[in-house]
Amino acid sequence: MAASERLSGPLPPRTRLWLDFVNTDAAAQSPGGDLLRDFEALLHWLQQQVAVDDERAAGIRRRAVLQPAAAAATLVDARRVRAALRALSERGEQVVRVRDDAVVEINRVLGRSAGTRRIDPHTDGGYTRSFVPTGDAFAGLMIPIVESAAESLVYQELGRIRRCADPRCHRVFLDATKNGLRRWCDMGTCGNRAKAARHRARSAGAR
Ligand SMILES: [Zn+2]
């Protein structure tokens, strides 16, 4: 990608890390159920999202073997953060208390983590910001998630966050369309299903 192409907008029209994190709960919809079934699954997910780099992940993995109770507690904590963020994504725009609760949760995570911030160059010419925890490595794992949620609050994006219009789907997403009328988490799956259902209903009515 040419350097000029990445200057097209302040924030790319993609989803937010915290929303992807919320969607790992997948409630009743996916055959696999909760994506964060154990600590390793959580760490793997964070690695996939580049929210933790491979070197740090390897260190944390070794620590998790030595301190299984701390790893288990980290997973419980991650699910707690996720529940607060799920509520924020679905009702935060309308309900002040939900928003306040999420802010308490975000600040709880931000407040207990000490570390340093840095930016690193990418091979493609871009840069990423990262947070390198000092002290308890487990405590820093949720930082990128809650920072992403904090940014959505700071930039007042909650009004653009929707739950998929398919009642069987629990996914939330950022509506980055100009008209703000996006209804489905993904046109390829839920959007297509709705289109097919409308088509069936029309053909049945025509008969
Ligand atoms: Zn959906």
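Ala137 lies in the loop between E2 and H6, where helices (H or I, at least four residues) and strands (E, at least two) are DSSP runs numbered from the N terminus. The structure is a predicted model, in which local features need pLDDT of at least 70 and side-chain atom pairs count only at pLDDT 80 or more, whereas totals for chains, interfaces and linings use all residues. Residues are numbered from 1 along each chain as its sequence is written. Ala137 has 20 C-beta neighbours inside 10 Å and therefore counts as buried; the class requires 20 or more other C-beta atoms within 10 Å of the residue's own, while 12 or fewer define an exposed residue and values in between a partly exposed one, with C-beta atoms placed from the backbone. Residues up to four places away in sequence being set aside, Ala137 touches Gly59, Ile60 and Arg63, contact being defined by C-beta atoms, placed from the backbone, that lie within 7 Å. A separation of 9.4 Å is found between the C-alpha atoms of Ala137 and Gly115, which are 22 residues apart along the chain.

The protein chain contains seven helices and four strands, arranged along the sequence in the pattern α-α-α-α-α-β-β-α-β-β-α. Its 207 residues include 27% that count as buried. Of the contacts between residues at least 6 apart in sequence, 52% join residues at least 24 apart.

E1 and E2 form a hairpin with five residues between them, and Gly125 in the turn has a positive phi of about 100 degrees. The number of buried residues among the seven of E1 is zero, so this strand lies largely in the open.

Packing between helices was examined for H2 (residues 39–48) and H3 (residues 54–66), whose axes come within 10 Å and cross at roughly 175 degrees. Axes are lines fitted to C-alpha atoms, for helices over the stretch in contact, and angles run from 0 to 180 degrees between N-to-C directions. H2 and H3 are therefore roughly antiparallel to each other, a term for angles over 145 degrees, as against under 35 for roughly parallel, 65 to 115 for roughly perpendicular and the rest for oblique. In this contact, Phe39, Leu43 and Gln47 of H2 meet Asp54, Ala57, Ile60, Arg61 and Ala64 of H3. The contact residues divide into five nonpolar, one polar and two charged, where Ala, Val, Leu, Ile, Met, Phe, Trp, Tyr, Cys and Pro count as nonpolar, Asp, Glu, Lys and Arg as charged, and the others, Gly among them, as polar.

The largest nonpolar core comprises 40 residues, of which Trp18, Val81, Leu85, Met142, Ile145 and Val146 touch the most other members. Such a core is a set of buried Ala, Val, Leu, Ile, Met, Phe, Trp, Tyr and Cys residues joined through C-beta atoms within 7 Å. Two or more residues are given to this core by each of H1, H2, H3, helix H4 (68–91), helix H5 (96–111), helix H6 (143–154) and strand E4 (172–174). H4 gives the most, with seven residues. Beyond its neighbours within four places in sequence, Ile145 is in contact with Leu17, Trp18, Phe21, Ala51 and Val81.

Thr24 is found in the loop between helix H1 (17–22) and H2, and counts as partly exposed because it has 18 C-beta neighbours inside 10 Å. Apart from residues up to four places away in sequence, Thr24 touches Leu35, Leu36 and Trp45; its C-alpha atom is separated by 9.0 Å from that of Trp45, 21 residues away along the chain. Val50, in the loop between H2 and H3, has a phi near 60 degrees, a positive value in a residue other than glycine. With 12 C-beta neighbours inside 10 Å, Val50 counts as exposed. Gln156 is placed in the loop between H6 and strand E3 (161–163), and its phi, near 50 degrees, is likewise positive in a residue other than glycine. Gln156 counts as exposed, with 9 C-beta neighbours inside 10 Å.

Technical notes. Two strands pair if DSSP finds at least two bridges between them. Two residues are in contact if their C-beta atoms, placed from the backbone, lie within 7 Å.
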